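Let's take a walk through a protein model and look at how its aromatic rings pair up. Have the structure open while you read.

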Amino acid sequence: MDTVVDHHPAHTAPAEFSAALRKLYLLRFAFAAVWAALLFATADTLGPLNGTLLVLYPLFDAACAVVDLRSARASDGAATRLSKLSRLSGLSVNIGLSVLAGAALAVAVASGVPAVLRVWGVWAVTAGSVQLAVGVVRRRMGGQWPMIVSGGISTVAGASFFLQAGKDDATLTNLAGYAFLGGVFFLASALRLRSAERNG
C-alpha cells in the first residue's frame, strides 16, 4: 500500500519537518485518488494508458520516499539515534523495492493482467512487510498505528493479488481500490499532523 511513513509523534517533530510531511502526505493522497480513478475507468483491458499508470505508481512512491528521506536527514528532530536509523533504513528499503517494482511492471504489462497482478502482489507483500515491521518495532514512539495497519493491509492485499492472478476473471480493478485506500491513510496522517500543529 506504499509507505505511510508516520516517523514519530507529531508533537516531537520540528515544525518545518512536520509541515513538509503534511504537504507530502496531501500530495500522495491526491495522486492516489486521481490514479485510482483513472485505473478504475480503464481496468477492463490492459492498454498503453493503464500500463503507464501501473509503472508510474511505484516510481512515484519511490520519488516521494526520496523526498521524505531527504527531509528526515535534514531534520535534527527529537528522535533518538536508533529511531532515526530505523526510519532511514526503512525508507531506503522502500525506495529500492519501489524502483524494482516499477521496472518489473514495465516488463509485466507486456505479458498481461495476471503477470501484472503477480508483480504487484509481490511488491505489496514485501513493501507492506517492511512497513509493518518498522511500525511494530517503533510503536512505543507513538503515532505508528497508521503505519502498522497500512503495512498489514498491504501484505494481505498483496497475497490476494497474487492469488487472483491465477483466476480466469483477473482484472486490475482491485488495484485501484488498494491505491485509494493507501491514499486515505496518507490523508489521515496529514490531518493528524495538522491537528498536532494547531495543538502545539
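Keep in mind that this model is predicted. Start with Phe-180: its relative accessibility is 40%, so it counts as partly exposed, since that label covers values between 20% and 50%. Now find Phe-29, which is also partly exposed, at 22% relative accessibility.

How do you describe two rings that sit together? A pair of aromatic rings is described by the distance of the centres and the angle of the planes. The count for this model comes to 11 aromatic pairs. Take the rings of Phe-29 and Phe-180: their centres are 6.5 Å apart and their planes meet at 50°, so this pair is tilted. Phe-29 belongs to helix H1 (residues 15-41) and Phe-180 to helix H6 (residues 173-199), so the pair ties together parts that are 151 residues apart in sequence.

Next, hop over to Trp-35 and Tyr-57. Their ring centres are 4.6 Å apart with the planes at 55°, so this pair is tilted. It links distant parts of the chain as well: Trp-35 is in helix H1 and Tyr-57 in helix H2 (residues 48-74), 22 residues apart.

Trp-35 and Tyr-57 belong to a cluster linked by ring pairs, together with Phe-31, Phe-60, Trp-120, Trp-123, Phe-161 and Tyr-178.

How values were computed:
Residues are numbered from 1 along each chain as its sequence is written. This is a predicted model: local features need pLDDT of at least 70, side-chain atom pairs count only at pLDDT 80 or more; totals for chains, interfaces and linings use all residues. Side-chain values use heavy atoms; hydrogens and water are left out. Rings of Phe, Tyr and Trp (its six-membered ring) pair if their centres lie within 6.5 Å; planes under 30 degrees apart count as stacked, over 60 as edge-to-face and the rest as tilted. Helices (H or I, at least four residues) and strands (E, at least two) are DSSP runs, numbered from the N terminus. Buried means under 20% relative accessible area, exposed over 50%, partly exposed in between (1.4 Å probe, protein chains only).
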